[in-house]
Amino acid sequence: EVSGIKRAKDGKNVAEIFAGSKALAGEQVTVRGKVVKFLPQIMGKNWLHLQDGSGSEGTNDLTVTTETTVKVGDVVLVNGVVSVDRDFGYGYSYDVIIEDAEVTVE
């Protein structure tokens, strides 16, 4: 359940980051959401999937890399730089991703 998550002050929601990804590439953004998947220490980073109830299939799940450890179900505030069309190899390819983000569990 990801409804009722309030937008971060001066932030974007997940759907807006997908919709504006080309213009946001290289820009710092803030987004609040719920961790729906957490994968620790893949390629030296923690990977999380964030949803906030916005968007639809394909634009409702934002991938974030961070040093912070979180758990599924945590509501977090993410601050990081948007990257687009990232291919890390090994099947890790993303249209939109926030890399090396500062993540705060709320």
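**Exercise 1.** In this predicted model, find which residue in β2 is the bridge partner of K37, and work out how β1 and β2 are arranged.

*Solution.* Start with the pair itself: K37 has H49 as its bridge partner in β2. Next, look at the two strands as a whole: β1 and β2 run antiparallel and are joined by 6 bridges.

**Exercise 2.** Is Q51 buried or exposed, and what does its side chain reach?

*Solution.* First place the residue: Q51 lies in strand β2, residues 45-51. Its relative accessibility is 18%, so Q51 counts as buried, the cut-off being under 20%. Among the residues in contact with Q51, leaving aside neighbours within four places in sequence, are V2, I5, V14 and N60. D61 is also in contact with Q51, and the side chains of Q51 and D61 make a polar contact at 2.9 Å.

**Exercise 3.** Now treat D87 likewise: is D87 buried or exposed?

*Solution.* D87 is found in strand β4, residues 75-87. Its relative accessible area is 55%, so D87 is exposed, given the cut-off of over 50%. The D87 side chain reaches the backbone nitrogen of G89 at 2.8 Å. Not counting residues up to four places away in sequence, D87 touches Y92 and S93.

Terms used:
Residues numbered from 1 in each chain as written. Predicted model: local features only at pLDDT ≥ 70, side-chain atom pairs only at ≥ 80, totals over all residues. Heavy atoms only, no water. Helix = DSSP H or I, 4+ residues; strand = E, 2+ residues; numbered from the N terminus. Buried < 20%, exposed > 50% of the residue type's maximum accessible area, 1.4 Å probe, protein only. Contact = heavy atoms within 4.5 Å. Polar contact = N/O pair within 3.5 Å; in protein donor to acceptor, adjacent residues only side chain to side chain. Pairing = 2+ DSSP bridges.
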